[in-house]
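Hello,

Here is the structure for you to look over. My notes follow below it.

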Amino acid sequence: CSGTVVSGGAADLVVTAAHCVTSGPGPAAYADLEYAPAYRNGTAPYGVWKAARVTLDPRWTGGADPDLDVAFIELAPRDGKRVTDVVGAERIAFGTPGSGTVRLTGYPDGADDPLTCLGTMTRRADGQLRVACTGYAPGTSGTPWLTDFDRDAQTWTVVGVIGGYQLGGDTDDVSYSPYFGADVQHLYQQALQAA
C-alpha cells in the first residue's frame, strides 16, 4: 500500500486506506507496518519508519464501511528524529467540494518506481470520490489525492486516499476514495489525541 505523512502537531501521522491495515473485525495488527518515504528503485532514501499506533473507525473494523476506509498510522521516532522533521508533511482538508484536479502518486505491486497521474475528481451520488487514472493496480491503495500545491511551503493538501468503494476500484483505470467529511475529520482528531 501507499500513504503520505500529514501534518499533525506533535503526532507523526501517515494517512492510508484502512484495508491496508486490517481487512476484518478485531484490532489492527500493526507491529509489522513500516513506512518508507520516497521509496524508489529498491531504496528508501529517508529510512524506514515503524508504526507505533493505528487509528481506525469501529465502523470499518466492525463492518468494512467503505465510507470509513481510512487509517491514520502514528510513526515511532527513528534515531531520535520524527519523520516530519526529515521529510515534512502535507496538509489535510475536510469538507471540500470533492471536485477539481487531483494529483495521485502511488506504488503498484511489484513496481520500484511510483506512478503519478493528474486527474479530475468527481463526487459520486453515494458521497465517494472518483478519478480516472490509468494503471493504478493493487498496491496503490492508500495513495493520497493531492490538491492546492503551495509553492512557498512546497506542500500539497490531502483530500482523499485510494480506498472506499470496491476497496478503491476493481479496475486499474478508475479509483475511488472515501469523502473526507466529518467522520474522517473525527478519526483524524482521535489520532491526534492518541499521540
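**Strand pairing**

Strand S3 (34-35) pairs with strand S4 (residues 49-55) in the antiparallel sense, over two bridges. Glu34 has Lys50 in S4 as its bridge partner. S4 also pairs with S5, again antiparallel, over four bridges. Two strands pair if DSSP finds at least two bridges between them. Helices (H or I, at least four residues) and strands (E, at least two) are DSSP runs, numbered from the N terminus.

This is a predicted model: local features need pLDDT of at least 70, side-chain atom pairs count only at pLDDT 80 or more, and totals for chains, interfaces and linings use all residues. Residues are numbered from 1 along each chain as its sequence is written, and side-chain values use heavy atoms, with hydrogens and water left out.

**Salt bridges**

The whole structure holds eight salt bridges (a side-chain nitrogen of Lys or Arg within 4 Å of a carboxyl oxygen of Asp or Glu).

- Glu74 and Arg53: the closest N and O atoms are 2.3 Å apart. The pair links distant parts of the chain, with Glu74 in strand S5 and Arg53 in strand S4, 21 residues apart. Glu74 is buried, at 14% relative accessible area. Arg53 is partly exposed, at 32%.
- Arg40 and Asp113: 3.7 Å, N to O. This pair also links distant parts of the chain, 73 residues apart. Arg40 is in the loop between S3 and S4, Asp113 in the loop between S7 and strand S8 (115-123). Arg40 is partly exposed at 43%, and Asp113 is partly exposed at 34%.
- Arg124 and Asp126: 2.9 Å, N to O.
- Asp57, Arg59 and Asp183: linked in a network of salt bridges.

Buried means under 20% relative accessible area, exposed over 50%, partly exposed in between (1.4 Å probe, protein chains only).

**Largest pocket**

The largest pocket has about 1000 Å³ of space. It is lined by 40 residues. Gly3, Tyr35, Pro37, Ala38 and Tyr107 lie nearest its centre. S3 and S5 are among the elements that each supply at least two lining residues. The lining divides into 25 nonpolar, 10 polar and five charged residues (Ala, Val, Leu, Ile, Met, Phe, Trp, Tyr, Cys and Pro count as nonpolar, Asp, Glu, Lys and Arg as charged, the others, Gly among them, as polar).

On a 1 Å grid over the protein atoms alone, a pocket is an open set of points where a 1.4 Å probe fits, with protein on both sides within 12 Å along at least five of seven lines; lining residues have an atom within 4 Å of a point. Points are joined across faces, edges and corners, and a volume is the space filled by probe spheres set on them.

Best wishes
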